[in-house]
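Colleague: I would like a close look at one strand and what surrounds it. Please keep it brisk.

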Amino acid sequence: MHARIPDQSGRIAVVTGANSGIGYVTARELARRGAHVVLACRSPERGRGALDRLLAEAPGSRAELRRLDLSSLESVRSFASRWDLGRLDLLINNAGVAMVPFSRTADGFETHFGVNHLGTFALTGLLMPYLLAGGEARVVTVSSEGQRFARFDLSNLNAERGYSAPFAYVQSKRANLYFAVELQRRMTAAGLPLRSMAVAPGLTRTNVLTGGANAGRGAVYRRLIRLLVRLTFQPTEGGARTSLHAATARDLPGGSYVAPGGLLELRGSPTIRQGHRAIHDPVTASRLWELSERLTGVRYETPTDTAA
């Protein structure tokens, strides 16, 4: 896989949720091509295991582990406040949860919304000064092919009226797409070179349906999900292709949504998909952005804002 990725020497990258699955493969391949990669992981133990594995599979690469828990805004702020590598060239917002039983984050948000969207929104905003210092930096946010099935309801993002795990998941992934495209609109309006892209990995063999909050669902659930994943989902390397393409393809325009090119975006070569409704709905995207600022307390600072 790494032979198709342009040389990344000199770039500094953060990959959230890099301890396993798509995040791990993304971090490993970037490191193989010369990037200095920060594995931002919730669990220090699993993160250390991933770092050791990466250094063994990519000898001589530059990688390090830092703790980040997107379910806690305190943890997100701590991660950003301790950034000491100067500029940041690439932020891959990969970490997330899927189909978990109802719960709330440390800050009281429904878990899908709080982790997948608000944690990502806050992290990107707090790292913005370093991203803008990196010249032509990129932000890649992992959405899902399932987002197109979301009934997006701005008045029920936080499970104010009932809870459905599939509904909450796809709605949070739609929020990821709104966020990525709106971030690009705002960067373009400010005349800044940062590029923001969203990606969908397709059906991929990861532990997102069996790990984390799903670990307590019982042995029958775990066996059935593992069988389903093994029979119908693509290998992890296939799912990481869209993230790596968005992170490294030289001429990819900001605001792109990169998804597998096959049937229903389930697998296939990375392809720009611009037909989705959310990409062309700036009104909802802007309202979500303003809501996210209020809920997280994070406001995106740009040189234009500072000068004003």
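Which residue in strand 4 stands opposite Val14?

Modeller: Val14 stands opposite Leu91 of strand 4. A word on the basis before going further. This is a predicted model, where local features need pLDDT of at least 70 and side-chain atom pairs count only at pLDDT 80 or more, while totals for chains, interfaces and linings use all residues. Residues are numbered from 1 along each chain as its sequence is written, and side-chain values use heavy atoms, with hydrogens and water left out.

Start with the strand itself. Strand 4 covers residues 90-93. Strands (E, at least two residues) and helices (H or I, at least four) are DSSP runs, numbered from the N terminus. In a regular strand, side chains alternate between the two faces of the sheet. In strand 4, Leu90 and Ile92 point one way. Leu91 and Asn93 point the other way. All four are buried. Buried here means under 20% relative accessible area, exposed means over 50%, and partly exposed lies in between (1.4 Å probe, protein chains only).

Now the neighbours. Two strands pair if DSSP finds at least two bridges between them. On one side, 3 bridges join strand 1 to strand 4, and the two run parallel. On the other, strand 5 (residues 138-142) is joined to strand 4 by 4 bridges, again parallel. Asn93 stands opposite Thr141 in strand 5. The bridge partner of Ile92 in strand 5 is Val140.

Arg66 forms a salt bridge with Asp84, with the closest N and O atoms 2.6 Å apart. A salt bridge needs a side-chain nitrogen of Lys or Arg within 4 Å of a carboxyl oxygen of Asp or Glu. Arg66 lies in strand 3 and Asp84 in the loop between helix 3 and strand 4, so the pair ties together parts 18 residues apart in sequence. Arg66 is buried, at 15% relative accessible area. Asp84 is exposed, at 54%. Asp89 also forms a salt bridge, with Arg87, and here the closest N and O atoms are 2.9 Å apart. Asp89 is buried at 8%, whereas Arg87 is partly exposed at 33%. The whole count comes to 13 salt bridges.

Rings of Phe, Tyr and Trp (its six-membered ring) pair if their centres lie within 6.5 Å; planes under 30 degrees apart count as stacked, over 60 as edge-to-face, and the rest as tilted. The whole structure has 9 aromatic pairs. In one of them, the ring centres of Trp83 and Tyr130 are 6.4 Å apart and the planes meet at 50 degrees, so the pair is tilted. Trp83 lies in the loop between helix 3 and strand 4 and Tyr130 in helix 5 (residues 128-133), so the pair ties together parts 47 residues apart in sequence. Trp83 is buried, with a relative accessible area of 6%. Tyr130 is partly exposed, with 25%.

Last, helix 4 (residues 111-126). It has a kink of about 35 degrees centred on Leu118. The bend at a residue is the angle between axes fitted to the seven residues ending there and the seven starting there. Of its 16 residues, 15 are buried, and helix 4 is mostly covered.
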